[in-house]
Amino acid sequence: MHALTTSQIDLLKQKLESQQTELKTALLRETTDVSQIEDLDAIDRDHAVTAEIAETEFAVASHCGQQLQRVERAFGRLQTANYGVCVDCIGAIGFSRLLACPSAERCERCQEVYEHTHGVHIPASM
């Protein structure tokens, strides 16, 4: 297994910090949007559009929250020196993959297996 260099870790940490800031801002914005929709819903309960908008806003807020949790787990792995190590096979997560998705928890091979067996796709980033 190859180890990440200090400069690579510093770069990835900066990317995580930037992503964390963006996600917190987006989550705050979405939470505000949801509360405004709830106010609108109180006024206009009979319109399906209001419900559809609210559902979309909740989904976006949920997605932002999940992404933020992934970033926070990555910070935890940085502190324990497990950053860049696949949670499934314990192999190295390539630097190019981490550049594309600094919060990646799995190497490319294990991520493909995970997505195939769980029928899901974990987005690389927002």
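**Exercise 1. Where is Ala 81 found, in terms of the helices around it?**

Solution. Before starting, note that this is a predicted model, in which local features need pLDDT of at least 70, side-chain atom pairs count only at pLDDT 80 or more, and totals for chains, interfaces and linings use all residues. Residues are numbered from 1 along each chain as its sequence is written, and side-chain values use heavy atoms, with hydrogens and water left out.

Step 1. Helices are DSSP runs of H or I with at least four residues, strands are runs of E with at least two, and both are numbered from the N terminus.
Step 2. Ala 81 lies in the loop between α2 and α3.
Step 3. Its phi is near 65°, a positive value in a residue other than glycine.
Step 4. Ala 81 has a relative accessible area of 64%, so it is exposed. The cut-offs are under 20% for buried, over 50% for exposed and in between for partly exposed (1.4 Å probe, protein chains only).

**Exercise 2. List the elements of the protein and say how confident the predictor is.**

Solution. Step 1. There are 4 helices and 0 strands, in the order α-α-α-α from the N terminus on.
Step 1. The average pLDDT (the predictor's confidence in each residue, from 0 to 100) is 84, and 76% of the residues score at least 70.
Step 2. Confidence is lowest in helix α1 (residues 6-43), with a mean of 81, and highest in helix α3 (residues 95-100), at 96.
Step 3. A word of care: where pLDDT is low, the predicted coordinates should not be read in detail.

**Exercise 3. Which residues touch the most other members of the largest nonpolar core?**

Solution. Step 1. A nonpolar core is a set of buried Ala, Val, Leu, Ile, Met, Phe, Trp, Tyr and Cys residues joined through side-chain atoms within 4.5 Å.
Step 1. The largest one has 16 residues, and Leu 16, Tyr 83, Ile 93 and Leu 98 touch the most other members.
Step 2. Helices α1 and α2 (48-79) each supply at least two residues of this core, and the largest share, 4 residues, comes from α2.
Step 3. Take Leu 98: neighbours within four places in sequence aside, it is in contact (heavy atoms within 4.5 Å) with Leu 4, Leu 12, Tyr 83, Gly 84, Ile 93 and Ala 104.

**Exercise 4. Which ring does the charged end of Arg 106 sit over?**

Solution. Step 1. A charge sits over a ring if NZ of Lys or CZ of Arg is within 6 Å of the ring centre and within 35 degrees of the ring normal.
Step 1. The ring belongs to Tyr 114, and the charged end of Arg 106 is 3.8 Å from its centre.
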